[in-house]
Amino acid sequence: MNGRAITTDVLLGLVPIALLVAVWQGTVSFGLAPATLLPPPGLVFMRMAQQLTSASFNRDILATLLRLFAGFSIAVVLGIAIGLAAAVSPAINAAVRPVVRVLAPLPKVALYPALLLLLGFGHESKITLVAADAMFPILLSTYYGASIVEQKLIWSAMAAGTPPRAILFKVILPAAAPSILTGCRIGLVISCIVVFLAEMITSTDGLGHALITAARTFQAVDMFVPLITISLLGLILNGLLQAARSYLLRGFPEV
Amino acid sequence: MTLRTLIERLAPLLACVGLLTLWQVAALGLNNDSFPTALDSVRAVPAILGDKEALINILASLRRMAIGFAAAVLVSIPLGLLMGRSRGVASFFNPLLMVIYPVPKAALMPIIMLWLGVGDLSKTLVIFLGVSLPVIYHSFEGAKAVEEKMLWSGAAMGLSAMQRLIRIVLPAALPEILTGCRTGLVLALITMVTSEMIARQSGAGNILFNALDMGQYDTVYAMIIIIGAMGICLDAAFERMRERLVRWSEPQFDIPLSFS
Amino acid sequence: MNLMPSRTDLKVEAEPAAKSAIPMIEIDHVSQVFQTSSRQDHLALSDISLTIDDGAFVSILGPSGCGKSTLLYIVGGFLNPTQGVARMKGNPITGPGPDRGPVFQEFALFPWKSVLGNVMYGPRQQGVKAADAEAQGRALIEMVGLKGFEDFYPKELSGGMKQRVALARTLAYHPAVLLMDEPFGALDAHTRTRLQNDLLNIWERDRKTVLFVTHSVDEAVFLSDKVVMMSRSPGRIKQIIDIDLPRPRRRTELLLDPRYQKYVVEIERMFDDAGDDELRP
């Protein structure tokens, strides 16, 4: 795509966002909504800048990030491990498949009360929930990526003398990498969503908790700040993951 | 039918039984008041379903979910199709959608509740938003992937641009669109439950947390089973319908939320 | 007859001016420029002029990248030329239409419709009553050799069968011109030769104008009345050669015919002589 096309795309894409902010500002300025319900954008962004320097808000962000990363990492490790195992071993496949079929469509957030009862109201319950939700897309995409690896690739490696165990790590894992990374991206988004929701339902800290607190005290401005923060966090993390993906997949044809 | 196919067909059922057994054993082992056995929980299910109040709540939840889902699908599919075929439309909406994507729609509940009150409308709206995104995305991807030559063949036959969109792009993208709808269905259920957990006014999620607050642990787990069963049944029913609608398509995989 | 014509005899030759009929297809100083990802402009076709008469079977022959498909798409109205104009019966071509029916290498069948559904599509679009369209469709399906497969779906067909359906589908709406874009390129050699024979048999019935893109020399010589040889980078017409072989043509007879062999050898030699600069991307 040439440079001209990219800049027009970017400009065109900024329009709805700019429009949204403009409508937002307009609604406030024209008094169509009381400031208590819909604070003007300027105020929100100012408050956000303020919050970003406040220690308590930063503690909230850290708590959320901690749970996010812990849950996501567990999901990645478990998802890839089980997905690969199911792809290469028919026995494991037979065991895993029906279990995944049953568990995957379950709204795992329904398990949250159970997790609260078992693991308490702190980090553990949320990390477990995040891991449980994020694991499935990663597992499924790993399984898919590993099972469609071209047989000829494996044969080439075997002919070159690679022992069977090493083939898993030297051929199948790299060949499945595009699919795995796509699954990780979905898992990351799910992690962001779930951690925020879990904190909203019950928590003593974190971004979700901040939003609920603000809601209970009718501080509309303070409600917008955590929302925008999680949205930005999601964008940044997604961008980082895409960068990692580009780096890891640099030899691959355009996927 | 061979033994093998029989086992394959029953596998999910066996998995359910297996999981429940695991639960039973773990509960007995842990012997914790807040972790009732599977049997106790299952026994509590009919009590809930028999209770008129609870039943009304659950049905209300389902109704909200249905309306939100239907409205989302009606809006998102055309939007996704247009985005898929027109660079301009795609560039216009893409960044906006990318910004909204990581925001948990249920998290908008408090704000929307401030504006629209605690009634059905706010919950349905949140479900609508939650379902829209995957459906738009999959419709977009599906429309983009439609073979250009197929559209040219249609144009040579005299189809106008709008006719091509409806009579070629839509059916050609249908497998992908339905995958998006399946994801949307699961999200609808999740959003419904979480919005009720947050709004706490009515619905299945509300029953769940009320029971939690009141220490009725059997009810808590029974509700989990009920909600879980809703998820599984809806997904299975949808998958059956999907197979029938796109019988003509090459088997395709996407990353839905389960093996199909 | 001199079967070893010298270069000059094979020069560009339009039909004698005595023919008063307006040519079926006229390509008038057409050039095509594409913008590529590296921000550079790529000249795909350079000043192409060509006339094609009604009922002629014309092949456009050249190596990959010479713009022959692009030329076909311009005639089909799927692309608008950067410069110049293509005309059909004197009228400028501005878009696709049922008067110029395409058959693509990728088949481009509608996967959600059966074989019969695909073939009936064009006529139904033109307002033909369902019963009539179905009857015509069944006749066409039988003509392309797929009787019994009317209710099959594309995913259940082999490549050769899909291409037969694609041909039937295009013929169904009676285009005056058939635009065929390397239609047999995705098929194995055996299927290809069968379809070449079948195509000629079908064409003999009403002798539509055919524009046939290929990179295979023997396919071009076997099928056509005229072979338009193109060079690439940028695409230009090198030579136009009249194929003076009697019809109907049988492959087994033709392969042993020295006239056929000489055409093939001459054309291949011309491509070879073009030298290495033709091979540069």
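**Entry 1: ground rules.** In this predicted model, local features need pLDDT of at least 70 and side-chain atom pairs count only at pLDDT 80 or more, while totals for chains, interfaces and linings use all residues. Residues are numbered from 1 along each chain as its sequence is written, and chains are lettered from A and ligands numbered from 1 in the order in which they are written.

**Entry 2: chain A.** I looked up the domains and found domain 1 (1-33) and domain 2 (36-248) in chain A; such bounds come from an automatic or database domain assignment. The C-alpha centres of these two domains of chain A are 30 Å apart. Their contact takes six residues from domain 1 and four residues from domain 2 of chain A, where two residues are in contact if their C-beta atoms, placed from the backbone, lie within 7 Å. On the domain 1 side of that contact I noted four nonpolar, two polar and no charged residues. For these classes, Ala, Val, Leu, Ile, Met, Phe, Trp, Tyr, Cys and Pro count as nonpolar, Asp, Glu, Lys and Arg as charged, and the others, Gly among them, as polar.

**Entry 3: chain B.** What secondary structure does chain B have? I found ten helices and zero strands. Here helices (H or I, at least four residues) and strands (E, at least two) are DSSP runs, numbered from the N terminus. The C-alpha atoms of chain B fill a box of roughly 70 × 60 × 30 Å along the principal axes.

Next I picked one helix pair: α6 (residues 120-144) and α8 (residues 161-199) of chain B pack at about 155 degrees, with axes 7 Å apart. Axes are lines fitted to C-alpha atoms, for helices over the stretch in contact, and angles run from 0 to 180 degrees between N-to-C directions. α6(B) and α8(B) are therefore roughly antiparallel (angles under 35 degrees count as roughly parallel, over 145 as roughly antiparallel, 65 to 115 as roughly perpendicular and the rest as oblique). The residues of the contact of α6(B) with α8(B) divide into 15 nonpolar, ten polar and four charged.

**Entry 4: where chain C meets chain B.** This contact takes 21 residues from chain C and 15 residues from chain B. On the chain C side, β6 (100-104) and α2 (115-125) each supply at least two residues, and β6(C) gives the most, with four residues. By class, that side of chain C has twelve nonpolar, six polar and three charged residues.

**Entry 5: the sheet in chain C.** I traced four strands in an open antiparallel sheet, in the order β2-β1-β4-β5 (chain C); two strands pair if DSSP finds at least two bridges between them. β2 (41-52) and β5 of chain C are the edge strands, each pairing on one side only. Helix α1 (residues 68-76) of chain C packs on the sheet and touches β1, β2 and β4 of chain C.

Five bridges join β1 (residues 25-35) to β4 (residues 83-88) of chain C, and C:Ile25 has C:Met88 as its bridge partner in β4(C). C:Met88 also stands opposite C:Asn91 in β5(C). I ended at the hairpin of β4(C) and β5(C), which has two residues between the strands; C:Lys89 in the turn has a positive phi of about 50 degrees.
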